[in-house]
Structures are given as structure tokens and as C-alpha cells.
Amino acid sequence: MTMDMEEMLAKIKDRQWALADIDWDAPGVELISEDFKPKLKAFMADLCWIENVGARGFAAMAKKAPNPTIAEIYRYFHAEEQRHANAELALLKRWGMLEEGEIPEPNVNIRMAIEWLDTYADDMPLSVLGTVIPMLEVALDGALLKFLLEEVHDPVCHQVFEKINNDESRHIAVDFEVLDMIGHAKARKLAIDFVSNLASPGLIIGGLMYLPLLNRMRNNIVDMGLQPEKLYAAMNRFEKLGRRGEFTHRVPLFQVLRVHSKMVVDSEHPYHLLANSLVWASEFYPRALFRPIPTWFKELTHEPVTKGVKNGMNAA
Amino acid sequence: MTVTELPVKKARTKKPVKVHTTLVIGAGFIGLGTAIKLREAGIDDLVILERADRVGGTWRDASYPGAACDIPSQLYSFSFAKNPGWSRAYSPSAEILEHIEELAERFDLVKDIQFNTAVTKLEFDKREARWEVTAGRKKFYARTVVVASGPLSDASLPNITGIEDFEGAKVLSARWDNDYDFAGKSIAVIGTGASAIQIIPELVKVAGSVKVFQRTPGWVMPRLDVETPEIAKAVFEKLPVAQQVTRSALFLAHEAAATGLVWNTPITSLIQQIGKLHIRMTVKDKWLRRQLTPEFRAGCKRMLMSSDYYPALQADNCKLITWPIAKITPKGLQTCDALQHEVDAIVFATGYDVHLGGPPYPITGLDGQLLQEEWSGHPEAYKSASAHGYPNLFFTCGPNSGPGHNSLLVYAQGQIEYAVSGIRAIVEQDLRWIDVKKDVQDSYNVSMQKRLRSTTWMSGCSSWYLTEDGFNASMYPGFATQYLRQMQDFRIRDYEVASNAATRLWNIPRDLAAV
Ligand SMILES: Cc1cc2nc3c(=O)[nH]c(=O)nc-3n(C[C@H](O)[C@H](O)[C@H](O)COP(=O)(O)OP(=O)(O)OC[C@H]3O[C@@H](n4cnc5c(N)ncnc54)[C@H](O)[C@@H]3O)c2cc1C
Ligand SMILES: [Fe+2]
Ligand SMILES: [Fe+2]
């Protein structure tokens, strides 16, 4: 499978959409029951932040892209993940879940992810970023959206997620194409990238952050009364899509994530003891240790149109 | 003034036409400099064609707020026509324009300039051994032509979806609308290149808000723009040698920078460290610093010089936006993060139409071939000044003549000297034409391209220096000193020569007289 990246970039440029394209006051809010709202709010807040995390991931990828066209594609994907976050925030707003000026709090595992990204992502090699991002895309981004559509019957929500899903299908196509390109590299280089990063604080901390993040999402989903199988199906997609690539299987981190996803999917696996204790432990992580939230967070907004500049938006 | 203007129709009646010794296209810095040097060499019969109604070129057109040179003024002038009175280290546009106008007056050049005359076509007439220059309905004839119509003299609105639907003001940085009042308005600036970094600090002072849309950040070096002390002006006035010494010192300092800006070396990394330090010291926010840090080797694209750009970006009424622009809407812009930005005016600081493939008017050579066709893709010339098949034609700012580290006028001085030597040879030896030899031109270009390989320009960024397929036909890979040395060395043996003497001696038809 070889994809014409120029063509893909042209397609991406052609498929742009805006918050202003959507009628946020259209009827349908009433279809969401009051007792479902708190859970939905928590879920959407997480989703919104995961998009934001994905956005930051693509920003890091853009620096590592194998060629200028792919770098440009990542520049767009960075913006598109931000777009998803903005749109999800706008849904929260539509559903009356936000106070004036409120931006939902990211949970502790997301805070950790954000801090990790801000500290390490730009220094990670393509072979690491290019493997982790597809996993996040299929498992968290892709799967969570599907749940939502089954549970929420608001037509505006469906309209929004149809747009988001269309974007995501392009993301995933590029993600796995690049993963295959990574696999095409010299085995020696792959091994060196892998081994040298395996021991790096970046990857170790990254792993420690990823495991509980995934399990927290899993637990949240179960909390909402949903079957975790949906998440598992999505995680299996990671393996399935990866298998389609000719060289993907040569990427060591791909193999690690693949085996790991098998453990996650098996709800009886003792792995969950570990992962859930990490979730539990992270709740005790002293909030004071977090550095101030990076300013790229503040770009998030549900306002479709702005005129002028709010004071000091660059001067944090 | 002895210029014959013949409507096209009349040209058929075989009335003898006025044939100038030299025709210069463009009355910018370089066109005027050429005229000064030609006169000095005793060539008085010249005509300068200028499409505008006054001299000045770049500096007549660059009237946007903050416009100034980014090479110290002492170097941004001709050594043979200095200005002792520069008010600042980096003079503003209006002052440079004044200086150019003063030159035109001091050297009595205006009498030879035909204003409002835009060249549309150049054809070499082999029979008559002269260039036929068309400017709309007018025709001019000259034995030799110097092209000085400017490296960056044309600009147009970029091709962004929806641009024609925008209802607010569209302002092109290169064609500034001085009647538009920016006070209190919401402004978008597209682009963060050399013009933008000069415009933005000025706009931030007056506009209600400024949103800056960036695609790729460039390397920005601090610029120490100080007023020239009165005492210095007085000394330069009375003691020209002092000014020459200052100029030489600045020249050498810029030459030293070539070791990092022209060639990709550890010095390049050092320059990048200075750029990063500049960001560190003036930009507070970590993410903003990341957004402003370039990805390419310093020098690969034009270096930017400013000490007020970074502070301006952090002003309360300014915001840097790095999301790609999805389209322009009737009310403003839409970015790919799904947001729309309403603005009253959009400033397009999107640069110039760089004519890598030759001037925008067709030039037909000795055997009817078209320069623009030959140059599409990979333009080649000899010493940036002559092109095989286009005799008696001298380019300024031609292929591979661009400096990456020094004043363009320093290079231009070499080009002027070269053209004057060529024209003198033609006049003094009574030659019909001289045409650079193909093999000489070819081997020159082989060495150019070989030398270019280790330069910063070829280190992997995309820039307006390169053609679509990444060929570098714009920059000179070397020191200014090297360039000037080659330009001072005009060698007639590099040219095929057709002489009038030969024609007369053998009485052969004129168009066969080429050797
Ligand atoms: C904003 C800006 C800042 C710059 N700053 C610097 C700097 O700091 N340092 C530096 O070294 N260089 C700088 N440059 C480069 C600058 O272009 C050159 O230094 C120099 O001014 C070029 O002079 P010129 O006479 O070749 O061209 P121009 O000044 O462009 O003059 C060309 C003239 O030809 C006329 N013309 C064009 N086409 C035709 C035609 N078909 N027929 C008749 N006339 C025509 C034009 O109207 C113009 O008057 C800058 C350029 C710009 C645009
Ligand atoms: Fe997304
Ligand atoms: Fe995505």
C-alpha cells in the first residue's frame, strides 16, 4: 500500500469545516436525560482533552515527519485535533454543561499525559511517536466517538461526529501508512531507536502515564453502563490495520503495543490489577507537583467566531 | 532629449531610427547606478525606461509602516555615490528614496529617463545588430541593454480560497494603501517574513487588534537600530575617508558572517544559538517560544532582523496564530481549528513575485529563441550577467547573483562594473555584438552548482530562492569579495564576437558576420 501524500494533503485542505457551519441551537438537547448528564459531562470532558493531547502529539510529529508533505499533513492534523476538541467543547456548551467561561478540568491522568507531552514529546523519535499516536487514535479517539453515537441521540451531536469521524478516517489512513514507512527503515535503526528509548525516562514515564490513562477510560466507559468490548474491538483494530502494512510488523514498539492491547482486551488478565492500581495511585499524585498548565491549553474554545484579541493571549 | 518614439505602424516605413548606445530598464537603485557609471565611462548616449512616474524602485514602492533596510545603511549604498547623512544605522524607506532621488539629481540622470514607460518585449535584431525594445505602443532601439527592472519589483495577492469574497480592506504589503486608516481596527496579517516583521510592530501601536497568521517562523536576529550621531554625520561629510573606513569594516563583518550564512557549518549552528537566545530572552511563554523557533538551518531562508517584532507579538492587542488558514470568508479568515476570525482588514505580507525564470517580459535572442523558455526550470547565465544567445544584454540581479549575508548593492556594483566593461568593449572596438560562449557558460554553471551543494540554501528548506524542483538559480555560493573579483574581470575571450570591421572587410551580409 502506497498512498499519494500530495493527494492526501489536497484532500485534507479541501475538507475543512468550521464550528460556524453547525447550528448549535437546533433542537435535540431535550433528548439527553438529566441523570445521564453528569456522566456525559465527565466523559466529554475527557474526550475533549484527549483530542487536545492528540493535537499536541501531532505538533511533535510535524517536527519528525519523514518528508515536507507529511510534515504539512501533520500540521493540519494538529489543527484538526484542536478542531475536534473545540467542537466537543461546543457540544458541552450546547447541552448546558458549562458555566460562563468554564473549561472542564482535565483528570489527573490527562494532566500527566499533557505534562509528559510538553516535556518529552518533541524529543521522541518518529518510530516512537509514529507508533503511539495510531494507538491513541484507534483506541481512544476512534472508539470513544462510536460509543457516544450509540448513547446520545441528539442530532447535532451526530452531525458533529460525522464530521469528526471523516477527519479521523484520514488521520488513521496516514497514521498507518507512516507506521509502515517506519517499519521500512533499517532493522538496525529500529532496534537502536527502540533500545535507546526503552531506557529513557521519556518512554518509561510515558508508559506509566499511558497505562492508567487507558484503564481510566475503560473504567469510565463501564461506569456509563457500556460494554468495554467496544473499546477492545477498537484496540484490535490497531493490530488489524497494522497487519495490513508490509513492514509495520518490524517496528518493535508496534509489537509491544500489540501484545499490550491483547492484555487490555482480556478483562481477566492480571494486567488489570497493575493498571488499575496505577489509576488508583495516580489519584494520590500531589497536584502541587504539576507544572502550570501549558498555554496551548488555552487555545481551546467553543466560540465559533471571534473578533479582536483577548488581552495578553500570547503573554502567559 | 533625443529619443525617437515610433508607433508600431510607422515602423514599417524604413525611416532611420535613433539607436542608443545603451538602454537601461528600470530607474531603481541599480538602473541609476548603471547610468552613473556609464556616463563616467564616456557613454552618454543612453536612455532609461521606467514604468512608474518617478525614480526609486523598491524604495518608492515599499511605503508600508516600518519599511527600512535590514543591512546597515553605510553598506546599503554605492561606494561611488555615498550618502554622508544617513540618519540611522538602518535607514527608513523614505530616507533611502530621498537618497536615490538626490542621486538622480546630483548626476543629472532625469533627462535620460522615460517615465511611464513599461517594457513589454525585447527582441534582438540580428541584421541590424541591435535590440528592439517594445514598451506598449512605443519602440526603442539600442546596441546594448542593461536589465535593471528589479529582483523584487512585482507583487500580487496570494491565491487563497475565498480571497475575492472578503468584504473588508485587502492591503498588499508591497503596494501599501496609505489612505487606509488602521487606527482601532481589527487587522489580520498573513505572513511573517521580512516585510511582516517590520509592519507588525507599527500596526500593533495603532490598530485595535492584530492577529498574525504564521506558516513558518524565520530566524530573527536582534537589530541595533541607533541614530547616527551628529558628529559622525559631520565627520563623514568632511572626511569621506572616515566613511569609507566604516563601510569597509561593516563589509568585512558581513563577509565573516558568510562562513555561517552561506555555507552550512558549525558557525551556522552558532548563529542559530544566537537566534534561540534572542527568543529565550524576549519571549516569556514556552509554547510561544516553540511556535517561533525555526526548523530550518539559519541562512536557508532570508535572515530577519528585528528587535521589536517579538515584543510586538506579545502585546495585549496582538496574537500569533499558527493554525493553517482554511479559507478567507466574507468577514475574515477561517483557520483549520474550526474557528473564524472577523477582521476589518487583511494585510497580505506575502512577499514578491520572484522571477526565477527571467524577467516577466519576453526576451527573444539571436536565433529567435525565447529566454523565458530556456530559463523555465533551470535558468543559467555566465557570471550572472550574460546569457548565451542573448548578445549585448547585461543582467543585474541575474541568475546566481544573490547575497545571503551582505548588501545587494555591493553585488550590484560588481554587476554594473561588468556591464560597463562589456559595453565599453563593444563601443571602443566597434563590435556588432558579443555573445558569451556556450561552453564557458556551461562550465561556469557546473562549478556554481557544485559549490552550491554545501550551502545553507540547499540544506533542505523550501524558499523563494529555489525553483519548484529545488534548483538554486538565485544565490551566489561565495564571499562578496569572490563575486566582485570575478565581476571585475571582464574577459572578451569568453565571448563570441561579431565585429563591424569583419563585415566591412569581407563585404559579407551582415547577418552572417558572426564568428
Ligand atoms: C521591502 C524590501 C526591503 C529590502 N531591503 C533590502 C536590504 O535591506 N538590503 C539589501 O541588500 N536589499 C534589500 N532589498 C532588495 C532590493 O530590492 C535591492 O536591494 C535593490 O533595491 C534593487 O534595486 P533595483 O534597482 O535592482 O530594483 P528596484 O528597486 O526594484 O527597481 C526596479 C525599477 O524597474 C522598474 N521596472 C520594473 N519592471 C519594469 C518594466 N517592465 N519596464 C520599465 N520599468 C520597470 C520598477 O518600477 C523599478 O522602478 C529589499 C527589497 C525589498 C522589496
Ligand atoms: Fe480527533
Ligand atoms: Fe485524529
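Select chain A and start with its overall size. A compact globule of 316 residues would have a radius of gyration near 20 Å, and chain A agrees with 19 Å. That radius is taken over C-alpha atoms, and the globule rule is 2.2 Å times the number of residues to the power 0.38.

This is a predicted model, where local features need pLDDT of at least 70, side-chain atom pairs count only at pLDDT 80 or more, and totals for chains, interfaces and linings use all residues. Residues are numbered from 1 along each chain as its sequence is written, chains are lettered from A and ligands numbered from 1 in the order in which they are written, and side-chain values use heavy atoms, without hydrogens and water.

Stay on chain A and show the C-alpha trace. It spans about 55 × 45 × 40 Å along its principal axes. Switch to cartoon. Chain A has 11 helices and one strand (DSSP runs, numbered from the N terminus: helices are H or I with at least four residues, strands E with at least two). Of its 316 residues, 57% are buried (under 20% relative accessible area with a 1.4 Å probe, protein chains only; exposed is over 50%, partly exposed in between).

Next, select residues 230-238 of chain B, helix H5. Its buried residues are B:Ala232, B:Lys233 and B:Phe236. Seen down the axis of H5(B), they fall within an arc of 100°, so they line one face of the helix. The arc is that of the directions from the helix axis to the C-beta atoms.

Now look at the other side of H5(B). There B:Glu230, B:Ile231, B:Glu237 and B:Lys238 are exposed.
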